[in-house]
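Dear colleague,

I am handing over the structure below, and I would be grateful if you could look it over before reading my notes. The notes follow directly after it.

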Amino acid sequence: MRGKSLSLGVFSLCFLLLAAAAPGAAVPPQSCEALRKVFQLRQLGPLRGIPESPRAGVDLQVCASKNPTCCTKKMEERYQAAAKLDIEQVLQTSSATLKFLISHNAAAFQETFEMLVRMAENYTSTLFCKTYRNMAAEATTRAQEFFTDVGLFVFGADISTEEFVNRFFDTLFPVIYDHVINPGLTDISLEYAECLQMARRDIKPFGDIPQKAIRQMGRSLLPSRTFLQALNLGIEVINTTDHLHFSKDCSRALLRMQYCPHCQGLTLSKPCMGYCLNIIRGCLANIAEVDLHWQGYIQSLEELSSAMSRTYDIEHVLLNFHLLVNDALLQACVSGPELSEQVNKVCGPPVRKPMQSPGCYLDQNRDNQGLKMFSRDSEETLAIRRKEFISQLRLYRAFYGGLADQLCGNELTAANGLPCWNGEDVVRSYTHRVVGSGIKAQSANPEVKVKGTDPVISQIIDKLKHVIQLLQGKSFPKYDKWDVQQTGSGGGVDEQISGDCDDEDGCGGSGSGEVKRVLKITDWMPDKMNLSGVKQIHQTKDGSTLDTTGAGCTTTADYMTFMLISLVTLFLSLW
């Protein structure tokens, strides 16, 4: 008898569930207990305001029905707030992976650029302290100022690469002139150093190397700066669309779709697919307008990333800058007598201070700390990391165009063929026209009225248009396009830049979206650096060649050593 009553109870429960889901079966509930459970589960408000049994809902504005209802006006307001919160959470969940991909890589690239600048400064300081010790104290200060400007520029400061490169060579000229070309017992005066700085661009002691440095810095730092700016804008776009302001008509439509069925006891019903698409496409009409510009943004990022790899790569330019400085110093040394004549004509003979400056101090701990931060276990380079990132970002090219379809298809709607909610009743299928995405398509939307463009979305679209121009190099007529032709002749830094990285070179993407590895910048670290082993051949005024390998410049101390050895040799031969 007990088994018989249990079977009857299960049968009755199944019958009631089927009846609740059947088309046209939105009969008034006998009790509001099911709604009370949902209300309590969602923590939408106190239960004391919920009716025990259905009643006439004459004060309802959105969920009005001819049948008795379990909702009150206060409950309707709470449901409307819940519906807006639901769509915001769904939007944020949908974009979470994309947002993480961009923000995590932006942080990784920024950290890498900071480390590149620090390493390049250490390389240059090491050059001064190991090869030009007598001028290293002042020269390393000039290098620190220069690389501070490099970092500021890469991270968005409103300064000119041409200006700070010229300033570096302007301030370097008095240092080498004072300590190497025309050395004295004490340093030159501040006024005389200022005269040398002003004369540097006319005298050209470093030849065309400053112009080469300006060209390399501009074409490597500017794309990297733009790349970082673009990634930060990508995060801003997602944050903006994640917190979209929904219109009153959209909020009412969301309430009607998600919670009005509850008022009739249909707590388990789901909206029809077409009905959901009309409402979500109406609510996200402004977001859909971002789609075209978002696709252009990703494509432009991809093109810039490719150009950065095959022309002036920031990694190569920064980590070889000390070689360019070495060439400049050697060129000034070779032209020493001629430079002294020119300087005397412009600034007169050197005017010196009564006291000598301190010697060289290289902070070895700072070098070591910078190097310890780098893992050499990974075989990943900056170019490969960019390539992996772009390949993952490319998957989100149509993110905004298909967002409404993604939201409605993510278990929000009833399965195909099952009864569903159409805003008024449970039916077999939605019969109204389903509109497309975008603002123009919403004029025929039967569920949501879209009045115009959201000014916040218009602003973010304008920002996307601007950054696309930056990414394409159109805002910099000096460089025209990023994939510029390489210049220079004969084995300089310009010609050492490697081409695109193929999968055969071990550049395959991980496809994970996570930056699990520390970026490896170079195999050539300062502990392996042998500055004296770089062979430098220069042409003298008489047309012959001079091998200055490892010599730096001939200083007074070097000359005295040579004279002492000569005297000892002469004495031994006579004896």
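Contact here means heavy atoms within 4.5 Å, and helices are DSSP runs (H or I, at least four residues), numbered from the N terminus. This is a predicted model, in which local features need pLDDT of at least 70 and side-chain atom pairs count only at pLDDT 80 or more, while totals for chains, interfaces and linings use all residues. Residues are numbered from 1 along each chain as its sequence is written, and side-chain values use heavy atoms, with hydrogens and water left out.

Helix H4 (residues 136–154) reaches 26 Å between its first and last C-alpha over 19 residues, close to the 27 Å expected, the expected span being 1.5 Å times one less than the number of residues. Its buried residues (under 20% relative accessible area, 1.4 Å probe, protein chains only) include Phe146, Phe147 and Phe153, and the buried residues of H4 pack against helices H3 (73–131), H5 (161–181), H7 (209–242), H13 (314–319) and H14 (321–334). After H4 comes Gly156, with a positive phi near 110 degrees.

Helix H7 also holds Thr241, which is buried at a relative accessible area of 3%. Beyond its neighbours within four places in sequence, Thr241 is in contact with Leu91, Ile287, Tyr400 and Ile457.

Ile457 is among the buried residues of helix H19, as are Leu464 and Val467.

Kind regards

Technical notes. Helix = DSSP H or I, 4+ residues; strand = E, 2+ residues; numbered from the N terminus. Buried < 20%, exposed > 50% of the residue type's maximum accessible area, 1.4 Å probe, protein only.
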